[in-house]
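Here is a two-chain model to work through by question and answer. Keep the sequence at hand.

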Amino acid sequence: MSQWVEACAVDDVEEEDLIRFDHDGRTFAIYRSPDDEFYATDGLCTHEHVHLADGLVMDHIIECPKHNGRFDYRTGEAKGAPVCVNLRTYPVKVEAGRVLIDLS
Amino acid sequence: MGGMVIVGAGECGVRAAFTLREEGYEGTVTLVGEEPHLPYERPPLSKNAPPAVKLIAEETRYRDLSIDLLRGTRGQRIDRENRRLVLADGRTLDYDRLLIATGARARRFAGMEKARTLRSVGDADAILSAIGAGTKLVIIGGGFIGLELAATARGLGAEVTVLEAADRLMARAVPAEIAAMFEDRHRQEGVRLRLGAKVEALEEHAVVLADGSRIEADIVVAGIGAEPITGLAADAGLAVDNGIVVDGCLRTADSSIFAAGDCCSFPYRGAPVRLESWRCAQDQGAHAARAMLGCGDSFVRVPWFWSDQYDLGLQVAGLALADRPFLRREVGDGAFVLFQLDGQGRVLSASGVGTGNAVARDISIAEKLIERGIVVAPEVLCDPGTRLKQLLKG
Ligand SMILES: Cc1cc2nc3c(=O)[nH]c(=O)nc-3n(C[C@H](O)[C@H](O)[C@H](O)COP(=O)(O)OP(=O)(O)OC[C@H]3O[C@@H](n4cnc5c(N)ncnc54)[C@H](O)[C@@H]3O)c2cc1C
Ligand code: FES
(Lines give C-alpha, C1' and ligand atoms only; values in the text may rest on other atoms or scores of the structure.)
(Ligands and ions follow the chains in the order given, each with its own letter.)
Protein backbone atom coordinates (compact mmCIF):
# COMPACT_ATOMS: atom_id res chain seq x y z
CA MET A 1 0.00 0.00 0.00
CA SER A 2 1.49 3.28 -1.00
CA GLN A 3 1.49 6.13 1.44
CA TRP A 4 1.89 9.41 -0.39
CA VAL A 5 2.85 12.38 1.75
CA GLU A 6 3.18 15.97 0.62
CA ALA A 7 6.78 17.03 1.19
CA CYS A 8 7.01 20.56 -0.22
CA ALA A 9 6.16 22.80 -3.12
CA VAL A 10 8.08 22.42 -6.35
CA ASP A 11 9.52 25.90 -5.91
CA ASP A 12 10.82 25.14 -2.42
CA VAL A 13 13.71 23.22 -3.96
CA GLU A 14 16.11 25.01 -6.21
CA GLU A 15 17.49 23.41 -9.30
CA GLU A 16 20.35 21.02 -8.50
CA ASP A 17 19.77 21.38 -4.79
CA LEU A 18 18.01 19.67 -1.93
CA ILE A 19 15.95 20.40 1.17
CA ARG A 20 15.24 18.58 4.36
CA PHE A 21 11.77 17.22 5.02
CA ASP A 22 10.74 15.88 8.43
CA HIS A 23 7.73 13.65 8.84
CA ASP A 24 6.52 11.47 11.68
CA GLY A 25 9.84 11.49 13.49
CA ARG A 26 11.79 10.69 10.33
CA THR A 27 13.97 12.89 8.15
CA PHE A 28 14.12 12.84 4.39
CA ALA A 29 15.98 14.75 1.72
CA ILE A 30 14.17 16.00 -1.38
CA TYR A 31 16.29 16.74 -4.46
CA ARG A 32 15.65 18.57 -7.68
CA SER A 33 17.91 17.60 -10.57
CA PRO A 34 19.14 20.01 -13.27
CA ASP A 35 16.45 18.62 -15.57
CA ASP A 36 13.74 19.26 -12.97
CA GLU A 37 13.21 15.69 -11.84
CA PHE A 38 12.53 15.23 -8.13
CA TYR A 39 14.05 12.52 -5.95
CA ALA A 40 13.85 11.57 -2.28
CA THR A 41 16.20 9.69 0.03
CA ASP A 42 16.64 9.27 3.73
CA GLY A 43 17.79 12.61 5.11
CA LEU A 44 20.66 11.41 7.28
CA CYS A 45 24.06 10.23 6.11
CA THR A 46 24.62 6.52 6.77
CA HIS A 47 28.09 7.27 8.15
CA GLU A 48 27.30 9.42 11.18
CA HIS A 49 23.66 10.44 10.80
CA VAL A 50 24.39 13.99 9.77
CA HIS A 51 21.71 15.94 7.89
CA LEU A 52 22.46 15.72 4.20
CA ALA A 53 20.51 18.93 3.60
CA ASP A 54 23.66 20.92 4.48
CA GLY A 55 25.56 19.09 1.76
CA LEU A 56 26.36 19.97 -1.82
CA VAL A 57 24.47 18.58 -4.81
CA MET A 58 26.31 18.31 -8.11
CA ASP A 59 26.18 15.93 -11.02
CA HIS A 60 23.56 13.69 -9.37
CA ILE A 61 25.70 13.33 -6.28
CA ILE A 62 24.91 14.52 -2.79
CA GLU A 63 28.12 15.13 -0.87
CA CYS A 64 27.74 14.82 2.88
CA PRO A 65 28.65 18.04 4.70
CA LYS A 66 30.54 16.25 7.47
CA HIS A 67 33.19 14.11 5.80
CA ASN A 68 32.33 14.31 2.10
CA GLY A 69 30.74 10.88 1.88
CA ARG A 70 28.98 10.68 -1.49
CA PHE A 71 25.75 9.13 -2.67
CA ASP A 72 23.99 9.08 -6.01
CA TYR A 73 20.70 10.61 -4.94
CA ARG A 74 18.78 8.90 -7.74
CA THR A 75 19.63 5.41 -6.50
CA GLY A 76 20.88 6.06 -2.97
CA GLU A 77 24.06 4.21 -3.83
CA ALA A 78 27.10 4.95 -1.66
CA LYS A 79 29.83 6.26 -3.95
CA GLY A 80 32.98 5.93 -1.92
CA ALA A 81 34.65 6.40 1.44
CA PRO A 82 33.79 6.83 4.19
CA VAL A 83 30.25 5.70 3.50
CA CYS A 84 29.58 2.10 2.62
CA VAL A 85 25.86 1.80 3.40
CA ASN A 86 23.44 3.00 0.72
CA LEU A 87 20.67 5.51 1.39
CA ARG A 88 17.09 4.36 1.09
CA THR A 89 15.22 6.07 -1.72
CA TYR A 90 11.50 6.81 -2.02
CA PRO A 91 9.20 7.20 -5.01
CA VAL A 92 8.34 10.81 -5.81
CA LYS A 93 5.59 12.41 -7.88
CA VAL A 94 4.67 15.99 -8.61
CA GLU A 95 1.03 17.03 -8.60
CA ALA A 96 -0.26 20.56 -8.99
CA GLY A 97 3.05 22.11 -8.04
CA ARG A 98 3.45 19.94 -4.95
CA VAL A 99 6.08 17.27 -4.40
CA LEU A 100 4.78 14.04 -2.89
CA ILE A 101 6.81 11.12 -1.66
CA ASP A 102 5.72 7.56 -1.00
CA LEU A 103 6.81 6.46 2.46
CA SER A 104 5.31 2.99 2.37
CA MET B 1 52.64 -16.79 -5.97
CA GLY B 2 52.53 -13.45 -4.29
CA GLY B 3 49.59 -11.14 -4.34
CA MET B 4 48.89 -7.75 -2.85
CA VAL B 5 50.21 -7.20 0.64
CA ILE B 6 49.30 -4.14 2.66
CA VAL B 7 51.13 -3.42 5.87
CA GLY B 8 49.19 -1.18 8.27
CA ALA B 9 45.45 -1.73 8.77
CA GLY B 10 44.37 1.85 9.37
CA GLU B 11 42.16 4.09 7.28
CA CYS B 12 44.56 4.03 4.36
CA GLY B 13 45.38 0.33 4.29
CA VAL B 14 41.75 -0.71 4.60
CA ARG B 15 40.61 1.57 1.78
CA ALA B 16 43.39 0.23 -0.38
CA ALA B 17 42.28 -3.35 0.25
CA PHE B 18 38.64 -2.54 -0.57
CA THR B 19 39.63 -0.64 -3.68
CA LEU B 20 41.70 -3.55 -5.01
CA ARG B 21 38.53 -5.62 -4.97
CA GLU B 22 36.33 -2.84 -6.32
CA GLU B 23 38.74 -2.58 -9.21
CA GLY B 24 38.28 -6.27 -9.91
CA TYR B 25 41.57 -7.64 -8.61
CA GLU B 26 41.12 -11.36 -7.98
CA GLY B 27 44.45 -12.43 -6.48
CA THR B 28 45.18 -12.63 -2.76
CA VAL B 29 44.91 -9.47 -0.70
CA THR B 30 46.52 -9.57 2.72
CA LEU B 31 46.15 -6.74 5.19
CA VAL B 32 48.57 -6.82 8.11
CA GLY B 33 47.77 -4.79 11.20
CA GLU B 34 49.64 -4.73 14.47
CA GLU B 35 46.62 -3.64 16.47
CA PRO B 36 44.44 -6.42 17.90
CA HIS B 37 41.18 -4.62 17.03
CA LEU B 38 39.24 -4.61 13.83
CA PRO B 39 40.30 -1.49 11.90
CA TYR B 40 38.58 1.55 13.36
CA GLU B 41 38.29 5.28 12.77
CA ARG B 42 40.64 7.51 14.74
CA PRO B 43 38.90 10.91 14.51
CA PRO B 44 36.14 10.01 17.00
CA LEU B 45 38.75 9.13 19.65
CA SER B 46 39.36 12.74 20.66
CA LYS B 47 35.80 13.94 20.05
CA ASN B 48 33.64 11.63 22.14
CA ALA B 49 33.32 10.50 25.71
CA PRO B 50 32.92 7.72 26.50
CA PRO B 51 35.10 6.71 23.58
CA ALA B 52 33.00 5.21 20.83
CA VAL B 53 34.76 2.62 18.73
CA LYS B 54 33.61 3.17 15.19
CA LEU B 55 34.75 0.41 12.87
CA ILE B 56 35.75 1.29 9.34
CA ALA B 57 33.78 -1.75 8.23
CA GLU B 58 32.17 -4.80 9.82
CA GLU B 59 34.24 -7.97 9.97
CA THR B 60 31.98 -9.65 7.40
CA ARG B 61 33.01 -7.11 4.79
CA TYR B 62 36.61 -8.37 4.86
CA ARG B 63 35.40 -11.94 4.60
CA ASP B 64 32.95 -11.17 1.80
CA LEU B 65 35.72 -9.51 -0.17
CA SER B 66 38.22 -12.32 0.59
CA ILE B 67 40.64 -9.96 2.27
CA ASP B 68 42.97 -11.77 4.67
CA LEU B 69 43.04 -9.50 7.66
CA LEU B 70 45.88 -10.45 9.97
CA ARG B 71 45.44 -8.70 13.28
CA GLY B 72 47.89 -8.27 16.12
CA THR B 73 50.72 -8.95 13.66
CA ARG B 74 53.58 -6.62 12.87
CA GLY B 75 55.39 -6.33 9.60
CA GLN B 76 59.03 -6.55 10.66
CA ARG B 77 61.19 -6.41 7.57
CA ILE B 78 60.91 -6.16 3.83
CA ASP B 79 63.03 -8.58 1.84
CA ARG B 80 63.05 -6.67 -1.42
CA GLU B 81 65.12 -9.16 -3.32
CA ASN B 82 62.63 -11.97 -2.79
CA ARG B 83 59.60 -9.65 -2.61
CA ARG B 84 58.66 -10.87 0.78
CA LEU B 85 57.35 -9.23 3.94
CA VAL B 86 58.68 -10.83 7.09
CA LEU B 87 56.33 -10.65 10.06
CA ALA B 88 57.41 -10.28 13.68
CA ASP B 89 56.13 -13.79 14.43
CA GLY B 90 58.44 -15.22 11.77
CA ARG B 91 55.82 -15.85 9.09
CA THR B 92 56.53 -14.49 5.64
CA LEU B 93 54.23 -13.10 2.98
CA ASP B 94 55.28 -13.05 -0.66
CA TYR B 95 54.07 -10.08 -2.63
CA ASP B 96 53.77 -8.88 -6.19
CA ARG B 97 53.03 -5.42 -4.86
CA LEU B 98 53.44 -4.11 -1.35
CA LEU B 99 51.75 -1.07 0.13
CA ILE B 100 53.20 0.51 3.24
CA ALA B 101 50.40 2.25 5.13
CA THR B 102 51.86 2.30 8.58
CA GLY B 103 50.56 5.76 9.54
CA ALA B 104 52.09 7.88 12.25
CA ARG B 105 52.74 7.72 15.96
CA ALA B 106 52.26 10.43 18.54
CA ARG B 107 55.42 12.46 18.98
CA ARG B 108 57.13 12.68 22.33
CA PHE B 109 59.88 14.98 23.51
CA ALA B 110 62.58 13.85 25.87
CA GLY B 111 61.41 14.42 29.40
CA MET B 112 57.79 13.81 28.44
CA GLU B 113 57.89 10.06 28.84
CA LYS B 114 55.33 10.21 31.61
CA ALA B 115 52.79 12.10 29.55
CA ARG B 116 50.10 10.13 27.82
CA THR B 117 49.49 10.44 24.11
CA LEU B 118 46.34 9.92 22.06
CA ARG B 119 46.57 7.88 18.89
CA SER B 120 44.83 4.56 19.42
CA VAL B 121 41.67 3.19 20.98
CA GLY B 122 43.76 1.97 23.89
CA ASP B 123 45.12 5.48 24.44
CA ALA B 124 41.64 6.99 24.31
CA ASP B 125 40.26 4.46 26.78
CA ALA B 126 43.09 5.07 29.20
CA ILE B 127 42.80 8.85 29.04
CA LEU B 128 39.04 9.19 29.09
CA SER B 129 38.50 6.62 31.82
CA ALA B 130 40.83 8.67 34.02
CA ILE B 131 38.86 11.88 33.47
CA GLY B 132 35.80 12.91 35.44
CA ALA B 133 34.34 15.96 37.14
CA GLY B 134 37.14 17.92 38.80
CA THR B 135 40.00 15.92 37.28
CA LYS B 136 42.95 18.19 36.62
CA LEU B 137 43.90 17.57 33.02
CA VAL B 138 46.89 19.31 31.51
CA ILE B 139 47.30 19.10 27.76
CA ILE B 140 50.64 19.96 26.21
CA GLY B 141 50.07 21.30 22.73
CA GLY B 142 47.35 23.51 21.29
CA GLY B 143 46.86 21.61 18.04
CA PHE B 144 43.78 19.74 16.92
CA ILE B 145 44.07 16.66 19.02
CA GLY B 146 44.83 18.58 22.20
CA LEU B 147 42.02 21.05 21.63
CA GLU B 148 39.46 18.44 20.69
CA LEU B 149 40.39 16.53 23.81
CA ALA B 150 40.12 19.75 25.84
CA ALA B 151 36.56 20.26 24.58
CA THR B 152 35.62 16.65 25.27
CA ALA B 153 37.15 16.78 28.75
CA ARG B 154 35.26 19.98 29.59
CA GLY B 155 32.12 18.08 28.71
CA LEU B 156 33.10 15.60 31.42
CA GLY B 157 33.61 18.40 33.92
CA ALA B 158 37.40 18.22 34.06
CA GLU B 159 39.54 21.25 34.91
CA VAL B 160 41.52 21.66 31.73
CA THR B 161 44.72 23.58 31.07
CA VAL B 162 46.24 23.73 27.59
CA LEU B 163 49.90 24.69 27.26
CA GLU B 164 50.98 25.93 23.85
CA ALA B 165 54.53 26.97 23.05
CA ALA B 166 53.55 29.20 20.12
CA ASP B 167 51.72 32.48 20.60
CA ARG B 168 48.54 31.11 19.11
CA LEU B 169 46.61 27.89 18.68
CA MET B 170 46.72 25.50 15.70
CA ALA B 171 49.52 27.53 14.19
CA ARG B 172 50.45 24.88 11.67
CA ALA B 173 47.15 24.46 9.93
CA VAL B 174 44.69 27.32 10.26
CA PRO B 175 44.77 31.10 9.76
CA ALA B 176 45.14 33.27 12.87
CA GLU B 177 41.60 34.64 12.57
CA ILE B 178 40.16 31.17 12.86
CA ALA B 179 42.51 30.18 15.64
CA ALA B 180 41.36 33.29 17.54
CA MET B 181 37.76 32.18 17.30
CA PHE B 182 38.65 28.81 18.83
CA GLU B 183 40.76 30.50 21.45
CA ASP B 184 37.82 32.67 22.55
CA ARG B 185 35.53 29.72 22.65
CA HIS B 186 37.85 27.55 24.74
CA ARG B 187 38.27 30.39 27.23
CA GLN B 188 34.50 30.88 27.43
CA GLU B 189 34.12 27.19 28.13
CA GLY B 190 36.53 27.53 31.04
CA VAL B 191 39.64 26.00 29.52
CA ARG B 192 42.78 27.68 30.85
CA LEU B 193 44.96 28.47 27.87
CA ARG B 194 48.60 29.37 28.31
CA LEU B 195 50.18 30.53 25.10
CA GLY B 196 53.93 30.96 24.78
CA ALA B 197 54.29 28.31 27.49
CA LYS B 198 57.52 26.33 27.48
CA VAL B 199 57.36 23.06 29.36
CA GLU B 200 60.48 22.51 31.45
CA ALA B 201 59.69 19.27 33.23
CA LEU B 202 56.98 16.81 34.13
CA GLU B 203 56.66 15.77 37.72
CA GLU B 204 54.47 13.06 39.15
CA HIS B 205 51.56 15.45 39.73
CA ALA B 206 52.58 18.68 38.06
CA VAL B 207 53.93 20.28 34.93
CA VAL B 208 56.71 22.81 35.43
CA LEU B 209 57.11 25.67 32.97
CA ALA B 210 60.28 27.50 31.98
CA ASP B 211 59.02 30.62 33.80
CA GLY B 212 58.99 28.59 37.00
CA SER B 213 55.23 28.15 37.32
CA ARG B 214 53.91 24.76 38.38
CA ILE B 215 50.56 23.47 37.17
CA GLU B 216 49.00 20.69 39.15
CA ALA B 217 47.88 17.72 37.13
CA ASP B 218 46.13 14.42 37.73
CA ILE B 219 46.80 13.49 34.16
CA VAL B 220 49.03 14.98 31.48
CA VAL B 221 48.48 14.38 27.78
CA ALA B 222 50.96 15.46 25.12
CA GLY B 223 49.39 16.43 21.81
CA ILE B 224 52.45 17.75 20.08
CA GLY B 225 52.08 16.24 16.68
CA ALA B 226 52.77 12.93 15.07
CA GLU B 227 55.71 11.45 13.28
CA PRO B 228 55.49 9.09 10.31
CA ILE B 229 56.26 5.42 10.89
CA THR B 230 58.95 4.79 8.33
CA GLY B 231 61.19 2.11 9.84
CA LEU B 232 60.22 -0.66 7.42
CA ALA B 233 60.99 1.51 4.42
CA ALA B 234 64.20 2.97 5.80
CA ASP B 235 65.53 -0.47 6.77
CA ALA B 236 64.79 -1.66 3.24
CA GLY B 237 66.89 1.17 1.84
CA LEU B 238 63.99 3.29 0.59
CA ALA B 239 64.22 7.06 0.83
CA VAL B 240 62.68 8.73 3.87
CA ASP B 241 62.43 12.48 4.24
CA ASN B 242 59.65 13.51 6.61
CA GLY B 243 57.80 10.41 5.44
CA ILE B 244 58.44 7.63 2.97
CA VAL B 245 59.26 9.36 -0.29
CA VAL B 246 56.90 8.49 -3.14
CA ASP B 247 56.29 9.83 -6.62
CA GLY B 248 53.07 11.25 -8.02
CA CYS B 249 51.44 7.83 -8.22
CA LEU B 250 52.53 6.96 -4.65
CA ARG B 251 55.29 4.57 -5.71
CA THR B 252 58.67 4.36 -3.98
CA ALA B 253 61.93 3.98 -5.90
CA ASP B 254 61.23 0.22 -5.83
CA SER B 255 58.56 -0.24 -8.49
CA SER B 256 56.77 -2.96 -6.54
CA ILE B 257 56.52 -0.98 -3.28
CA PHE B 258 54.08 1.85 -2.65
CA ALA B 259 53.43 4.02 0.39
CA ALA B 260 50.37 6.10 1.26
CA GLY B 261 48.60 7.89 4.09
CA ASP B 262 50.17 9.56 7.12
CA CYS B 263 53.47 7.71 6.61
CA CYS B 264 54.28 9.09 3.16
CA SER B 265 55.68 12.28 1.68
CA PHE B 266 54.18 12.89 -1.75
CA PRO B 267 54.35 15.69 -4.31
CA TYR B 268 51.47 18.17 -4.14
CA ARG B 269 51.66 20.79 -6.85
CA GLY B 270 55.37 20.35 -7.18
CA ALA B 271 56.41 20.37 -3.52
CA PRO B 272 56.73 17.39 -1.20
CA VAL B 273 54.17 17.29 1.60
CA ARG B 274 53.10 14.90 4.30
CA LEU B 275 49.55 15.21 5.54
CA GLU B 276 47.93 13.82 8.63
CA SER B 277 44.44 13.82 7.38
CA TRP B 278 41.78 11.22 7.44
CA ARG B 279 40.28 11.80 4.03
CA CYS B 280 43.69 12.05 2.44
CA ALA B 281 44.55 8.66 3.92
CA GLN B 282 41.40 7.23 2.32
CA ASP B 283 41.96 8.90 -1.01
CA GLN B 284 45.58 7.85 -1.12
CA GLY B 285 44.73 4.30 -0.11
CA ALA B 286 42.33 4.08 -3.04
CA HIS B 287 44.80 5.73 -5.37
CA ALA B 288 47.66 3.47 -4.29
CA ALA B 289 45.49 0.43 -4.93
CA ARG B 290 44.87 1.56 -8.49
CA ALA B 291 48.56 2.31 -8.91
CA MET B 292 49.39 -1.20 -7.67
CA LEU B 293 47.17 -2.48 -10.47
CA GLY B 294 49.12 -0.49 -13.02
CA CYS B 295 47.37 2.87 -13.22
CA GLY B 296 49.99 5.55 -13.83
CA ASP B 297 47.91 8.59 -12.91
CA SER B 298 49.21 11.09 -10.39
CA PHE B 299 47.42 11.68 -7.12
CA VAL B 300 45.89 15.12 -7.44
CA ARG B 301 43.08 15.24 -4.88
CA VAL B 302 43.02 18.51 -2.94
CA PRO B 303 43.90 18.15 0.76
CA TRP B 304 40.86 18.45 3.00
CA PHE B 305 40.39 18.11 6.73
CA TRP B 306 38.03 19.04 9.50
CA SER B 307 37.94 19.44 13.26
CA ASP B 308 35.05 19.61 15.72
CA GLN B 309 35.38 21.40 19.05
CA TYR B 310 32.20 21.99 21.11
CA ASP B 311 29.61 22.83 18.46
CA LEU B 312 32.15 24.56 16.22
CA GLY B 313 32.97 22.90 12.94
CA LEU B 314 36.17 23.72 11.08
CA GLN B 315 36.91 22.64 7.52
CA VAL B 316 39.94 23.35 5.37
CA ALA B 317 40.50 22.63 1.69
CA GLY B 318 43.86 23.10 0.02
CA LEU B 319 47.00 24.13 1.85
CA ALA B 320 46.97 27.61 3.38
CA LEU B 321 50.21 29.52 2.81
CA ALA B 322 51.65 31.85 5.41
CA ASP B 323 52.63 34.49 2.86
CA ARG B 324 49.35 34.98 0.98
CA PRO B 325 46.57 37.30 2.16
CA PHE B 326 43.18 35.97 3.19
CA LEU B 327 39.88 37.08 1.70
CA ARG B 328 36.95 36.80 4.05
CA ARG B 329 33.52 35.61 3.04
CA GLU B 330 30.70 35.84 5.58
CA VAL B 331 28.45 32.82 5.62
CA GLY B 332 25.96 34.06 8.24
CA ASP B 333 25.48 33.44 11.98
CA GLY B 334 29.11 34.27 12.62
CA ALA B 335 30.38 31.60 10.24
CA PHE B 336 33.02 32.63 7.71
CA VAL B 337 35.44 31.28 5.13
CA LEU B 338 38.92 32.64 4.44
CA PHE B 339 40.09 32.14 0.88
CA GLN B 340 43.54 32.49 -0.59
CA LEU B 341 44.25 33.13 -4.24
CA ASP B 342 47.54 32.65 -6.01
CA GLY B 343 49.26 35.31 -8.13
CA GLN B 344 47.07 34.41 -11.11
CA GLY B 345 43.84 34.66 -9.12
CA ARG B 346 43.26 30.92 -8.83
CA VAL B 347 41.85 29.61 -5.55
CA LEU B 348 44.60 28.02 -3.44
CA SER B 349 43.01 27.34 -0.09
CA ALA B 350 39.83 27.88 1.89
CA SER B 351 39.45 27.60 5.66
CA GLY B 352 36.06 28.00 7.27
CA VAL B 353 34.50 27.86 10.70
CA GLY B 354 30.97 28.03 12.00
CA THR B 355 28.41 26.22 14.07
CA GLY B 356 27.86 22.65 12.95
CA ASN B 357 28.14 22.27 9.20
CA ALA B 358 27.65 25.96 8.37
CA VAL B 359 30.69 26.20 6.13
CA ALA B 360 30.49 22.74 4.59
CA ARG B 361 29.00 23.69 1.25
CA ASP B 362 31.34 26.59 0.66
CA ILE B 363 34.34 24.43 1.48
CA SER B 364 33.12 21.63 -0.78
CA ILE B 365 32.80 24.12 -3.60
CA ALA B 366 36.16 25.69 -2.76
CA GLU B 367 37.74 22.27 -3.01
CA LYS B 368 36.44 21.92 -6.54
CA LEU B 369 37.53 25.45 -7.44
CA ILE B 370 41.03 24.60 -6.22
CA GLU B 371 41.07 21.27 -8.02
CA ARG B 372 40.06 22.87 -11.30
CA GLY B 373 42.34 25.89 -10.91
CA ILE B 374 39.47 28.30 -11.44
CA VAL B 375 40.28 32.03 -11.46
CA VAL B 376 37.97 34.12 -9.28
CA ALA B 377 37.87 37.85 -8.60
CA PRO B 378 38.36 38.66 -4.89
CA GLU B 379 35.26 40.84 -4.70
CA VAL B 380 33.17 38.03 -6.16
CA LEU B 381 34.43 35.57 -3.55
CA CYS B 382 33.82 38.00 -0.70
CA ASP B 383 30.32 39.03 -1.80
CA PRO B 384 27.89 37.00 0.30
CA GLY B 385 25.43 37.38 -2.57
CA THR B 386 27.61 35.32 -4.94
CA ARG B 387 26.44 31.78 -5.39
CA LEU B 388 29.77 30.03 -5.25
CA LYS B 389 28.41 27.00 -7.04
CA GLN B 390 27.83 29.19 -10.07
CA LEU B 391 31.60 29.72 -10.30
CA LEU B 392 32.04 26.03 -10.99
CA LYS B 393 29.88 26.30 -14.04
CA GLY B 394 32.33 28.73 -15.57
C1 LIG C 1 42.69 11.27 18.00
C2 LIG C 1 42.76 11.58 16.54
C3 LIG C 1 41.84 12.44 15.96
C4 LIG C 1 41.91 12.76 14.61
N5 LIG C 1 40.99 13.62 14.09
C6 LIG C 1 41.06 13.94 12.78
C7 LIG C 1 40.13 14.85 12.21
O8 LIG C 1 39.24 15.36 12.87
N9 LIG C 1 40.26 15.14 10.89
C10 LIG C 1 41.22 14.59 10.11
O11 LIG C 1 41.29 14.89 8.91
N12 LIG C 1 42.12 13.72 10.62
C13 LIG C 1 42.06 13.40 11.94
N14 LIG C 1 42.98 12.53 12.47
C15 LIG C 1 44.06 11.99 11.60
C16 LIG C 1 43.63 10.70 10.90
O17 LIG C 1 43.07 9.82 11.82
C18 LIG C 1 44.83 10.11 10.22
O19 LIG C 1 45.27 11.01 9.22
C20 LIG C 1 44.53 8.75 9.59
O21 LIG C 1 44.15 7.84 10.56
C22 LIG C 1 45.74 8.24 8.84
O23 LIG C 1 45.48 6.97 8.34
P24 LIG C 1 46.66 5.95 8.04
O25 LIG C 1 45.98 4.67 7.63
O26 LIG C 1 47.64 6.57 7.14
O27 LIG C 1 47.40 5.72 9.42
P28 LIG C 1 46.88 5.14 10.79
O29 LIG C 1 45.45 5.46 11.00
O30 LIG C 1 47.87 5.57 11.81
O31 LIG C 1 46.99 3.57 10.59
C32 LIG C 1 48.21 2.90 10.48
C33 LIG C 1 48.09 1.54 11.10
O34 LIG C 1 49.26 0.81 10.83
C35 LIG C 1 49.65 0.09 11.97
N36 LIG C 1 51.08 -0.22 11.84
C37 LIG C 1 52.13 0.62 11.97
N38 LIG C 1 53.29 -0.04 11.76
C39 LIG C 1 52.97 -1.33 11.49
C40 LIG C 1 53.71 -2.50 11.17
N41 LIG C 1 55.05 -2.48 11.08
N42 LIG C 1 53.04 -3.68 10.97
C43 LIG C 1 51.69 -3.70 11.04
N44 LIG C 1 50.92 -2.63 11.33
C45 LIG C 1 51.56 -1.45 11.54
C46 LIG C 1 49.31 1.03 13.09
O47 LIG C 1 49.20 0.34 14.31
C48 LIG C 1 47.97 1.58 12.61
O49 LIG C 1 46.91 0.77 13.01
C50 LIG C 1 42.94 12.20 13.81
C51 LIG C 1 43.88 11.34 14.40
C52 LIG C 1 43.81 11.03 15.73
C53 LIG C 1 44.83 10.13 16.34
S1 FES D 1 28.69 11.77 8.35
FE2 FES D 1 28.46 11.68 6.21
S3 FES D 1 30.41 11.14 5.54
FE4 FES D 1 30.62 11.11 7.68
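Predicted model: local features only at pLDDT ≥ 70, side-chain atom pairs only at ≥ 80, totals over all residues.

Student: Which three residues supply 31% of the area that chain B buries against chain A?

Tutor: Start with the contact (heavy atoms within 4.5 Å). It takes 26 residues from chain B and 22 residues from chain A. The buried area (accessible area, 1.4 Å probe, that two parts lose on being put together, summed over both) is about 2000 Å², with 44% from carbon and sulfur atoms. The 31% share, more than any other three residues give, comes from Asn357(B), Arg361(B) and Lys389(B).

Student: At about what angle to S5(A) does helix H8 of chain B run?

Tutor: Helices (H or I, at least four residues) and strands (E, at least two) are DSSP runs, numbered from the N terminus. Axes are lines fitted to C-alpha atoms, for helices over the stretch in contact, and angles run from 0 to 180 degrees between N-to-C directions. H8(B), residues 360-372, lies across S5, S6 and S7 of chain A. Its angle to S5(A) is about 45°.

Student: Why is one side of S5(A) and of S7(A) left without a neighbour in the sheet?

Tutor: The open sheet has 3 strands in the order S5-S6-S7 of chain A, with antiparallel pairing. Two strands pair if DSSP finds at least two bridges between them. S5 (56-58) and S7 (70-72) of chain A stand at the edges, so one side of each has no neighbour in the sheet: each has a single partner strand.

Student: Which residue in S6(A) stands opposite Val57(A)?

Tutor: S5(A) pairs with S6(A), residues 61-63, in the antiparallel sense over 3 bridges. Opposite Val57(A) stands Ile62(A).

Student: Is Leu392(B) buried or exposed?

Tutor: Leu392(B) is in helix H10 of chain B, residues 388-392. Beyond four places in sequence, it touches Met58(A), Ile365(B), Lys368(B), Leu369(B), Arg372(B) and Ile374(B). Buried means under 20% relative accessible area, exposed over 50%, partly exposed in between (1.4 Å probe, protein chains only). At 9%, Leu392(B) is buried.

Student: How does His23(A) count at 25% relative accessibility?

Tutor: His23(A) is found in strand S2 of chain A, residues 17-23. Leaving aside neighbours within four places in sequence, His23(A) is in contact with Gln3(A), Val5(A), Phe28(A) and Leu103(A). At 25%, His23(A) counts as partly exposed.

Student: How many residues of S20(B) are buried?

Tutor: On one side sit Trp304(B), Trp306(B) and Asp308(B), all buried. Phe305(B), Ser307(B) and Gln309(B), on the other, are buried too. S20(B), residues 304-309, is therefore largely enclosed by the rest of the structure, with a buried count of 6 of the 6.

Student: In the hairpin of S20(B) and S21(B), which residue takes a positive phi?

Tutor: S20(B) and S21(B), residues 312-318, pair in the antiparallel sense over 6 bridges. Phe305(B) has Val316(B) as its bridge partner. The hairpin has 2 residues between the strands, and the positive phi, near 55°, belongs to Tyr310(B).

Student: In the hairpin of S22(B) and S23(B), which residue takes a positive phi?

Tutor: S22(B), residues 327-332, and S23(B), residues 335-341, run antiparallel, joined by 5 bridges. Arg328(B) is partnered by Leu338(B). With 2 residues between the strands, the positive phi near 55° is that of Asp333(B).

Student: How far apart are the axes of H1(B) and H7(B)?

Tutor: H1(B) spans residues 11-22 and H7(B) residues 278-292. Cys12(B) and Ala16(B) are among the H1(B) residues in the contact, and Ala281(B) and Gly285(B) are among those in H7(B). The helices pack at about 35°, and their axes are apart by 7 Å.

Conventions: Residues numbered from 1 in each chain as written. Chains lettered and ligands numbered in written order. Heavy atoms only, no water.
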